[in-house]
Each structure stands twice: as structure tokens, then as C-alpha cells.
Amino acid sequence: MNCKICQAALPDLLLGSAASANAAARAHIATCAVCARELASLQATLSLLDTWQAPAVSPYFDQKLAVRLRELQSAPPAGWVERLRTRLLLNTNRQFRPALVGAMALLLVVGGGSFGIATFPHPQPVQASAAVIDLQLLDKNEQPLQQMDELLQQNASTDNTPPQS
Ligand SMILES: [Zn+2]
């Protein structure tokens, strides 16, 4: 086992999932200082993560949010000139990006689509020649004709048999 394989197996080793590769990885770690250091640092990181506590949400979060929402809702609506001005002033073009992307995609579809339609050769509907059509008709009629032949042969054979009286 080389260091690359061993270090790829380190997470499995740490998370304790039993695998046959683990024994080989442990054997390699016993002899390789680099991989042993890697394992130790991963173990330290995991133990640090175990001690980390997610900060508790403030118990007044909902109330504060509701108050702010009510403030904004009760504020006098700005005139459309004011709204346009602030939008243009504070604009990062971000809200226009989806529209721009949509327009470009539409352009690509329309332009690329029509380009593809215009340039790709369309398979012409195959015009069968008269001979081919005749052959197809013959093929279709072959079975009834065969049956007709058989009937005629049977008829002929019964006609040719001398009367049995
Ligand atoms: Zn190694």
C-alpha cells in the first residue's frame, strides 16, 4: 500500500467502518510517519468537532422578526420614482441576471435551433422508383399467388385423374 491509497482510506479508518483495507492501512501507518501524522491530525479535527456546540437561537428571534416585518409593512410605500432611483443606485445588476440569462438562452435556442435546421441536411423522403414499387407489390401478392398456384395444381391433378367408376 502506498501513501495515496492509505490516506484515501483514512476516513473509513476513523469512522470505524470495518473493511479489509483497514488492516492494510493500519499496517502502513505503523511504518509510515507521514500517514501516521495525517491520521493524528484527522483525529484531532474530529474530536474538536465533537466539542463544538451550535449556538442557540435567540428566544426572541420570532418576535423581533415579526416587529420588523410590521414596521416595513406599515411604512408609507415609496413612489415608483423613488423605488426606481434606489434600485438604480443600489443596483448590482444582480436582479437582471436571470432575465439576461433567459434572453441569452432564448437567443441560443432560437438562433442555434434555426441554424441547425437550416444547415443540417434533411433526409429526403425516399421516393421509391417504379421498379421498387412493382417489386413490393409482387412481394405482397406473392402469398396469395402461391396459394392460387397450389389450388390450380390441385385442381389440375384432380382433373387429370381418371374417373374411378
Ligand atoms: Zn504513508
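These are my notebook entries on a predicted model.

**Basis.** I number residues from 1 along each chain as its sequence is written. In this predicted model, local features need pLDDT of at least 70, side-chain atom pairs count only at pLDDT 80 or more, totals for chains, interfaces and linings use all residues, and side-chain values use heavy atoms, with hydrogens and water left out.

**Overall.** I looked up the fold elements and found 7 helices and 0 strands in the protein chain (DSSP runs numbered from the N terminus; helices are H or I of at least four residues, strands E of at least two). I noted that 7% of the 165 residues count as buried (under 20% relative accessible area; exposed is over 50%, partly exposed in between; 1.4 Å probe, protein chains only).

**Helix H1.** I checked the span of H1, residues 3-15: its 13 residues reach 19 Å from first C-alpha to last, close to the expected 18 Å (1.5 Å times one less than the number of residues). Asn-2 caps the N-terminal end, with a side-chain oxygen 3.2 Å from the backbone nitrogen of Lys-4. I found a bend of about 35° at Ala-9, with Pro-11 following within four residues (the angle between axes fitted to the seven residues ending there and the seven starting there). Cys-6, Ala-9, Leu-10 and Leu-13 of H1 are buried. Just after H1, Gly-16 has a positive phi of about 75°.

**Leu-69.** I located Leu-69 in helix H4, residues 61-74. Leu-69 is partly exposed, at 45% relative accessible area.

Technical notes
A polar contact is a pair of N or O atoms within 3.5 Å; within protein, one must be able to donate a hydrogen and the other to accept it, and residues adjacent in sequence count only if both atoms are side-chain atoms.
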